[in-house]
Amino acid sequence: MLETSARLLRLLSLLQTPRDWTGTELAERLAVSTRTVRNDVDRLRNLGYPVHGTRGAVGGYRLGAGAALPPLLLDDEEAVAVAIGLRTAAGGTVTGVEETSLRALAKLEQVLPARLRHRVDALRRYAEAVPRDDPGPRVDADTLSALAAACRDHERLRFDYRSHDGSESRREVEPYRLVTWGRRWYLVGFDVERNGWRTFRVDRLHPRTPAGPRFVPRDLPEEAVDQVRRGVSSAAWRYRARVVVHTPAERLAERINPAIGTVTAVDDTHCLLDTGADSVEALAVHLGLLGADFTVTEPPELVELVRALGDRYRRATEPPPTER
């Protein structure tokens, strides 16, 4: 019985590899006959594992998806990765996932071998996350699942939406992608009434049921991808600024990530940077790291801060006054 159980676990491990296995290949790997392989496959099926088989010269066995979730067989690295992922999810921004993640983690840690339990416990005890200044909004797990299903099934979404200024509106959107940016979730879709691509904060929308009709997916144009990237980044900014940078647009674009801001050429030696940050102080620091001269005219509080920082830096390089 012990040999049979060990062989079944080995067979299950092989079948979890995303490929088809012939009966002869499995028999060679397990050092048994093809008849024993067939019997072991039947045993796995009786335990709830959906092992699919095809006949013929190119036939074989493959582990598929079933109606119920059977026990999973994880190697050492996979088990540690799952444990870390569950612990991270328990402190995430998706409402309702924390308790579920902790329950799953407790089940996993209960059966982990001592050597793996020590690794996971060491990470738990000696690795700490620094709390964010802005914890970010919470989103509902059921809402995320519904949005993802609509993206997959190409079904129009109807939802109530609250904009950043507090105004309410009802939208009908062809959903395409869910985007996670920092600790916020966004929906990328084509707004039917406004006839354009839009980005929506998931924590600000409330889906209405039932879902709308199916739609034929549009091609997401490259310029829309850039627009979405800019929209997602700027939506998280509290302060925005348009700054003239004294360098060619191509050179500045090579130095910054597109998520930092958009660069538009003014002439051969100047460009316009549309950027932002959560604080005026962070904006001033980012501008100082551009590696080029710049002219800032808005917002007023940024202008005053840059002027004050300039005076402070100049004083920092002056010799201290001599005492009389």
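How many of the residues of strand β12 (residues 271-277) are buried?

A: This is a predicted model, in which local features need pLDDT of at least 70, side-chain atom pairs count only at pLDDT 80 or more, and totals for chains, interfaces and linings use all residues. Residues are numbered from 1 along each chain as its sequence is written, and side-chain values use heavy atoms, with hydrogens and water left out.

Seven of the seven residues of β12 are buried, and the strand is mostly covered. Buried means under 20% relative accessible area, exposed means over 50%, and partly exposed is in between (1.4 Å probe, protein chains only). Strands (E, at least two residues) and helices (H or I, at least four) are DSSP runs, numbered from the N terminus.

In a regular strand the side chains alternate between the two faces of the sheet. In β12, Cys-271, Leu-273, Thr-275 and Ala-277 point one way, while Leu-272, Asp-274 and Gly-276 point the other way. The residues on both sides are all buried.

Next come the neighbours of the strand. Two strands pair if DSSP finds at least two bridges between them. Strand β10 (residues 239-245) pairs with β12 in the antiparallel sense, over seven bridges; here Leu-273 of β12 is the bridge partner of Val-243. Strand β11 (residues 261-265) also pairs with β12 in the antiparallel sense, over five bridges, and Leu-272 in β12 has Thr-264 opposite it. Five residues lie between β11 and β12, and the two strands form a hairpin.
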